[in-house]
Amino acid sequence: MAQTRRQLLASRTFDALVTPGAAQLWACLTAVLAESTGSDEPASVATLGSALVHKCSAVAATLFTSAF
């Protein structure tokens with residue numbers, strides 16, 4: 001798993017975006033950051049992390065249910 005993360009971080013952005021899992025992760029991260037910039041106070045790392053897990057879980061649940 002750590003090797004996969006290192007490969008993803010070392011890859012070019014385009015390569016990451018054409019990989020479905022990586023593209024979904026980037027989309028979730030972009031959504032979380034876009035939502036957090038609208039507030040008056042900066043979000044904590046814990047808040048951003050929790051929101052990212054929530055977004056990724058929602059995507060995973062959607063993909064899982066659409067597989068049936």
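Is leucine 48 buried, exposed or partly exposed? With a relative accessible area of 25%, leucine 48 is partly exposed, where buried means under 20% relative accessible area, exposed over 50%, and partly exposed in between (1.4 Å probe, protein chains only).

## Basis of the model

The structure is a predicted model, in which local features need pLDDT of at least 70 and side-chain atom pairs count only at pLDDT 80 or more, while totals for chains, interfaces and linings use all residues. Residues are numbered from 1 along each chain as its sequence is written, and side-chain values use heavy atoms, with hydrogens and water left out.

## Overall architecture

The protein chain contains 4 helices and 0 strands, and its pattern along the sequence reads α-α-α-α. Helices (H or I, at least four residues) and strands (E, at least two) are DSSP runs, numbered from the N terminus.

Of the 68 residues in the protein chain, 7% count as buried.

## Helix 3 and helix 4

Two packed helices are described by the angle between their axes and the distance between the axes. The axes of helix 3 and helix 4 come within 9 Å and cross at roughly 135 degrees. Axes are lines fitted to C-alpha atoms, for helices over the stretch in contact, and angles run from 0 to 180 degrees between N-to-C directions. Helix 3 and helix 4 are therefore oblique to each other; angles under 35 degrees count as roughly parallel, over 145 as roughly antiparallel, 65 to 115 as roughly perpendicular, and the rest as oblique. The crossing of helix 3 and helix 4 is right-handed, a term that applies if the near helix is turned clockwise from the far one by less than a right angle, left-handed being the anticlockwise case.

Several residue pairs illustrate the spacing. Glutamine 24, found in helix 3, is partly exposed at a relative accessible area of 30%. Its C-alpha atom is separated by 7.7 Å from that of valine 59, 35 residues away along the chain. Histidine 54 belongs to helix 4 and is exposed, with a relative accessible area of 56%.

## Salt bridge

Side chains of opposite charge can pair when their charged atoms come close. The whole structure holds 1 salt bridge, defined as a side-chain nitrogen of Lys or Arg within 4 Å of a carboxyl oxygen of Asp or Glu. Lysine 55 and glutamate 35 form a salt bridge through their side chains, at 2.8 Å from N to O. Lysine 55 lies in helix 4 (residues 45-66) and glutamate 35 in helix 3 (residues 20-36), so the pair ties together parts that are 20 residues apart in sequence. Lysine 55 counts as partly exposed at 23% relative accessibility, whereas glutamate 35 counts as exposed at 52%.

## Cysteines

A disulfide is a covalent bond between the sulfur atoms of two cysteines. Here a disulfide is taken as a pair of cysteine sulfur atoms within 2.5 Å, and the count by this rule is 0. Cysteine 28 is in no disulfide, and the nearest cysteine sulfur, that of cysteine 56, is 4.0 Å away. Cysteine 56 is likewise in no disulfide, its nearest cysteine sulfur being that of cysteine 28.

Cysteine 28 counts as buried at 4% relative accessibility, whereas cysteine 56 counts as partly exposed at 27%.
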